Amino acid sequence: MYSKKDSVYTIKSSKLVHNDILPTKDEDRIMNWHDVIWLWLGMAAQMGVFLLGASFVGKLSFYEAILAILIGNLGASIVLILIGDIGIEHGLNYATFIRAPFGYFGSYIPMIVRAIAGICWFGIQTYFGASAIDLVINHFTGYSNIQLFFFIFAIIQIIITAKGIKGIKLAENLSAPALLILCLFVIYLFTSKLTFNGILNFPIKEKMNFWVAVTVNLSYWSTVSINITDFTRFVKIKSNSKNFFSRNFHSLIGQIIGAPIGMIIFSLVGMLGTMATGYGNPVEAILSSLPNAVFIIIGLVIIILAQLSTNIAANLFAPGNILNTIGSPKINFSKGVIISGVIGMLTFPWILIKFFLTYLPTLGAFLSPIIGIMLSDYYLIRKRNLNVIDLFQKGEYYYFYGFNPAALITYICSSIVGILYLNYSWLLCLPTSLILYYVLMKNWVIKKYKQKEISDTNDEFLSTSAGNEKDIKII
């Protein structure tokens, strides 16, 4: 029900709506471009990225590795900006928007896939942090108990994330600058043990295909690419800004600088550390290269901050939102974070790490089709218009008993392509899903299930976009 006099939409309380997922308003938008940069530097400064850099040593030349990282992450940044516009323009999180292409019940599939990926990453990153703590404590005291440190470190991260976007923003703004300075210092220590020619001409023992390396880098941020709207919905925006570049100013600057530059800097820690020390494990490489106890403690701080800043933003925030959406009203955001964190502690991350270069393309095979469907639906099918109100009540996104057959068929077919050609999963899955979804929607689903924002673009519901919001009240 809509009251034109009060500019208020009234929606009946249901499983589809609760206050945590309503579109953000101007007062909720607390992040500007430098907050976005620190967010990305904080997420990129992690043991997974150090390990990624280390994994290229002996397989690619130094220049090839840097170029693969740059191309892969510039490509990821473009996707992040395009998907992020959904949050900026409409103030929606991932778990709500995904109902448009997949349907009310169909949306559970991409939500659960994203949650599982984040939960697995949480386990991996927490294990890296616990390993570092264990190494340092053992170095100074002889005491070793990685299981205990794993549990304590996981609990700390869960508590911070449960506080929501304000807690995450504070943690990133404090940790990211410190991480940048400390990691640049570690890079200096590594390079002091190497010669310039030694870095450039480091021997290649097992050649990796360049485009496989690009795919690995693209796949690295598949998880965050999907739910970047969870963050961009809190990014500041000029009121009534219709120009894409003006509207996305803070997102463009923050992500184009933060993601590629951050990935290059922090991948260098792993690459140069492996070259200088011979350790493929970034934790051992960093700690073994430090000259005394003070620097070892600094190294430990780097590793703990790196894991904490990444996990709370990239790997717990999204599953928390997703479980909140699926389990509402019994599961709020904080409970969703706690459940995600507990499951993440049971994912056997020490096994996943052993298959890191297979794990990443597999993520790409299951996640990049969702990205292609989102891009196709938002830009090609709906031309950035959204029936925001029907996202929160049973309406046009019901399709076939709550499932959009175009999205389900596209997702299954694209994921199969990714599994069959695993080394190039991201490069193949995204365009396949984007095109196939468009064809199925245009020639089948839209004709059978009318979409209001396509047939009647002047309807009142479109005024819920950024800078022209109306209140949504739940009764």
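This is a tutorial dialogue on reading a predicted protein model.

User: How are the residues numbered, and what kind of model is this?

Analyst: Residues are numbered from 1 along each chain as its sequence is written, and this is a predicted model, in which local features need pLDDT of at least 70, side-chain atom pairs count only at pLDDT 80 or more, and totals for chains, interfaces and linings use all residues. Side-chain values use heavy atoms, with hydrogens and water left out.

User: How many helices and strands are there in the protein?

Analyst: Helices (DSSP runs of H or I, at least four residues) and strands (DSSP runs of E, at least two) are numbered from the N terminus. The protein has 22 helices and three strands.

User: What percentage of the residues count as buried, and what is the accessible surface of the protein?

Analyst: A residue is buried under 20% relative accessible area, exposed over 50%, and partly exposed in between, with a 1.4 Å probe and protein chains only. By that rule 59% of the 475 residues of the protein count as buried. Accessible areas come from the Shrake-Rupley method with a 1.4 Å probe, and for residues only the protein chains shown count as cover; the accessible surface of the protein comes to about 18500 Å², and carbon and sulfur atoms hold 67% of it.

User: What share of the contacts joins residues 24 or more positions apart?

Analyst: Contact means heavy atoms within 4.5 Å. Among contacts in the protein with a separation of 6 or more, residues 24 or more positions apart account for 87%.

User: Which residues does Ile119 touch, and is Ile119 buried or exposed?

Analyst: Ile119 is found in helix H6 (residues 108-141) and is buried, with a relative accessible area of 8%. Leaving out residues up to four places away in sequence, Ile119 touches Asn315, Pro319, Ser340, Ile343, Gly344 and Thr347. The C-alpha atoms of Ile119 and Val342 are separated by 9.0 Å, although these residues are 223 residues apart along the chain.

User: Where is Gly402, and which residues does Gly402 touch?

Analyst: Gly402 lies in the loop between helix H19 (356-381) and helix H20 (405-420), where it is buried with a relative accessible area of 0%. Not counting residues up to four places away in sequence, Gly402 touches Phe102, Gly103, Tyr104, Phe105 and Gly106. Of these, Phe105 is 297 residues from Gly402 in sequence and 4.9 Å from it in space, C-alpha to C-alpha.

User: Where is Phe149, and which residues does Phe149 touch?

Analyst: Phe149 belongs to helix H7 (residues 146-161) and is buried, with a relative accessible area of 12%. Again leaving out residues up to four places away in sequence, Phe149 touches Ala130, Ile133, Asp134, Ile137 and Tyr143. Between Phe149 and Ser131, 18 residues apart in sequence, the C-alpha atoms are 8.0 Å apart.

User: How do H3 and H10 pack, and at what angle?

Analyst: Two packed helices are described by the angle between their axes and the distance between the axes. Axes are lines fitted to C-alpha atoms, for helices over the stretch in contact, and angles run from 0 to 180 degrees between N-to-C directions. Helix H3 (residues 62-90) and helix H10 (residues 210-220) pack at an angle of about 45°, with their axes 8 Å apart. That makes H3 oblique to H10, since angles under 35 degrees count as roughly parallel, over 145 as roughly antiparallel, 65 to 115 as roughly perpendicular and the rest as oblique. The crossing of H3 and H10 is right-handed; a crossing is right-handed if the near helix is turned clockwise from the far one by less than a right angle, and left-handed if anticlockwise.

User: Which classes of residue make the contact of H3 with H10?

Analyst: Residues of H3 including Glu64, Leu67 and Ile71 meet Phe210, Ala213, Val214, Asn217 and Leu218 in H10. By class, the contact of H3 with H10 has nine nonpolar, four polar and one charged residues, where Ala, Val, Leu, Ile, Met, Phe, Trp, Tyr, Cys and Pro count as nonpolar, Asp, Glu, Lys and Arg as charged, and the others, Gly among them, as polar.

User: How do the axes of H20 and H21 cross?

Analyst: The axes of H20 and helix H21 (residues 425-448) come within 9 Å and cross at roughly 155°, which means that H20 is roughly antiparallel to H21. By class, the contact of H20 with H21 has 14 nonpolar, six polar and no charged residues.

User: What is the phi of Lys383?

Analyst: Most residues other than glycine have a negative phi. Phi of Lys383 is near 50°, a positive value in a residue other than glycine, and Lys383 is exposed, with a relative accessible area of 52%.
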